[in-house]
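Let's take a walk through a protein model together.

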Amino acid sequence: MKLENVLAAKGSRIETCALTDTVRDVIARLKAANVGALVVVDGERPAGIISERDIARAIDGNTDVPSLPVSALMTHDVVLGEPGDDVAAVLDTMTANHFRHLPVVLDGRLVGIVTTGDLVRAELDTLRGHVVTLEDQVMAGGAE
Amino acid sequence: MTGLPLRVALIGAGPAAFYAADHLLKQAPSAEVDMFDRLPTPFGLVRHGVAPDHQKIKSVVKGFAAVAGDPRFRFFGNVEFGRDIDLAGLAAHYHQVLFATGAQTDRRMNIPGEDLAGSFPATGFVAWYNGHPSFRGERFNLETPAAVVVGVGNVAIDVARMLSLDAHELAATDMARHAVAALAASHVRDVYVLGRRGPAQAAFTTPELKELSELPNVDLVIDPAEAALDPLSAAELERANDPVLRRKVELIQALAGRPLAGRPRRLHLRFLVSPEELLDDGQGRVGAVRVVSNELVASGTGSLSAKPTTRRETIPAGLVFRSVGYRGVELPGVPFDSRWGVIANTAGRVCDPASDETIPGLYTAGWIKRGPSGVIGTNKADAVETVAAMLADAAAGISLHPSHPTAAEADAYIGSRCTRPVSFADWQRLDAMEVEAGARVGCPRVKFSSVTGMLAALDGEGGPPGN
Ligand SMILES: Cc1cc2nc3c(=O)[nH]c(=O)nc-3n(C[C@H](O)[C@H](O)[C@H](O)COP(=O)(O)OP(=O)(O)OC[C@H]3O[C@@H](n4cnc5c(N)ncnc54)[C@H](O)[C@@H]3O)c2cc1C
Ligand SMILES: NC(=O)c1ccc[n+]([C@@H]2O[C@H](COP(=O)([O-])OP(=O)(O)OC[C@H]3O[C@@H](n4cnc5c(N)ncnc54)[C@H](OP(=O)(O)O)[C@@H]3O)[C@@H](O)[C@H]2O)c1
């Protein structure tokens, strides 16, 4: 299964913020959209990603975190996925490297974001699909 | 969500629609379901996709038939959305409409020569051998000794197997009789199945490969060099610690290099090769396929993709099937997301792709919701997710606002749009005729493969199935 199969039923909205936004703007967006991370965009190009975790870590210090520009806290070297990437491989990488949100690009343009939760569910649904298929067959008396 | 009247139209009669109907009828005692299919026959790809020699899996339709036995369920076959009925008409008669129309077309390879004579989508071949009425007129040049199947999904394996079985093996299945006759006369003896990545990325499942390796008249040929894992795949296999994947790779490697038994047919399972061009034989037909060897490279996400090397070879073959995936088709008036080939939706609620706003009363499930992937049972959780949204919306008063929300008014509408809707009882009569015709010739069923033949048989004027 590929990332595009996960994106297909996720609608078209992608929660983003601009490179020039402040952390305060970001917190408001995270709350309003009820998501854990925003893709930071520079035009159509993803320039980074900022998560609740990035903000929580920064709050630990004593600077005026909400007034900081998003670029001060965001992950700059953001890993980007492509629609044709295999879900299983991506999930392994995200788990091993401890990140939970993956922006997906097609020809350099942002087309979606997937979370580890989305991918775990997709893998689970695949496995359950095989179980249901086998069970339906057995219940119908069609299996050997 | 108990007392409210809830009349629902389901468009499509494949697994997704039946799982949705089942859940709706169980969860909402007041729900009434009218299911439409453009074909007179129900069950979608279970009838027209699943391979004819896989009868056991087709037994899932018994569960679907039980759903159809509910008095709150009606089937209208031979009624096509977009041709006979439309969104405005449905909105006047139903509170909710669920689209479960599957993936009706194929993806392309986008390489030169793809449109030469002799190059076909697997979708058309599958529909033809399974007796889909829209495909019975297809012709495939089976006079060639070698065929190429591009892709290594389960559909590619089905296609390769159908090209490799002997006439008596095919005749014992419910394959359309026209296809049995054509394949019995086939000259194809070598089938090349081309995977662009390695064994650890093959999309087919292990039982399907095992079946290929056990065909009595076929030598399965796998090059040990192509079956060996490159370092990236080996690391991936190690890290994933997935026993299902490991078993698949082990089987591929165990089969590789097995001595040929001199059987009359050969099935060559290739890895790390991509077709670059279909070559013209000088008469506008495919004569050969030029393929390039690939190596695997990892992207930032760790997913491995194929990168062409400079090594090329030419495989002579007069017949090419691309089995690189199905694709959904846009329905009139229903928002479509062309990037993924699906109805634009958020977890089954149809939405406007520009604003992402959901459209009240419209829903989707199955392959047209999430793309052409997954086995029959995968559509169950998918349909249940959508039905949960439908019931939540209905309880919140979000629905279409039909001016004629009764079964009788829906009947009048359908009757005014379609001259001969086919009921579930009609289908059961066709089913009985098919099974009976099969019993006479020693196969599970002889399929009707034309709509006129089915309608004539129902009205007592037709010949037996197979016409
Ligand atoms: C070749 C092939 C073999 C397969 N083999 C297996 C297998 O062995 N085991 C397994 O578990 N899974 C198998 N699958 C997968 C399985 O068939 C799918 O997961 C499943 O059928 C998808 O269900 P669906 O309801 O979304 O679509 P479909 O099954 O495609 O059903 C869609 C229905 O909608 C109807 N329709 C389309 N357009 C309209 C319209 N405009 N108006 C009215 N009706 C319309 C179609 O006629 C069709 O009946 C196979 C798939 C393929 C392609
Ligand atoms: N017996 C069964 O249970 C059964 C039978 C039939 C179908 N099904 C199910 O139905 C679904 C659809 O099956 P499917 O076979 O159509 O799809 P699939 O499993 O997605 O396989 C598609 C294949 O095409 C390859 N491909 C895609 N684009 C390509 C290109 N441009 N060039 C070369 N190769 C390309 C893919 O390789 P990459 O991976 O490299 O992209 C993959 O090997 C699957 O979930 C399948 O399991 C099940």
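Predicted model: local features only at pLDDT ≥ 70, side-chain atom pairs only at ≥ 80, totals over all residues.

For chain A, the mean pLDDT is 91, and 97% of its residues reach 70 or more. Among the elements of chain A, helix α1 (residues 3–7) has the highest mean pLDDT, 96, while helix α3 (residues 52–59) has the lowest, 90.

Now find the place where the chains touch. Here 42 residues of chain B are in contact with 35 residues of chain A. Together the two chains bury about 3,000 Å², and 52% of that is on carbon and sulfur atoms. Which residues of chain B lose the most area to chain A? They are B:Lys56, B:Thr301 and B:Trp340, which together account for 23% of what that side buries.

What about charges and polar groups? Four salt bridges are found across the interface of chain B and chain A. You can look for A:Arg121 and B:Glu385, which form a salt bridge with their closest N and O atoms 3.1 Å apart. Several elements of chain B supply at least two residues each to the side touching chain A, including α3 (55–58), α12 (231–240) and α15 (378–395). The largest share, four residues, comes from α15(B). Sorted by class, that side of chain B has 13 nonpolar, 15 polar and 14 charged residues.

Next, zoom in on chain B by itself. Chain B is divided into domain 1 (6–104 + 328–422) and domain 2 (107–325). The centres of these two domains of chain B, taken over C-alpha atoms, are separated by 33 Å. Their contact takes 12 residues from domain 1 and 17 residues from domain 2.

How much area do domain 1 and domain 2 of chain B bury between them? About 1,100 Å², with 54% of it on carbon and sulfur atoms. On the domain 1 side, B:His48, B:Pro52 and B:Asp53 lose the most area to domain 2, together 47% of what that side buries.

One of those residues, B:Asp53, also forms a salt bridge with B:Arg161, the closest N and O atoms being 2.8 Å apart.

Notes. Residues numbered from 1 in each chain as written. Chains lettered and ligands numbered in written order. Heavy atoms only, no water. Contact = heavy atoms within 4.5 Å. Buried area = accessible area lost by both parts, 1.4 Å probe. Salt bridge = Lys/Arg side-chain N within 4 Å of Asp/Glu carboxyl O. Nonpolar A, V, L, I, M, F, W, Y, C, P; charged D, E, K, R; others polar. pLDDT = per-residue confidence, 0-100. Domains from an automatic or database assignment.
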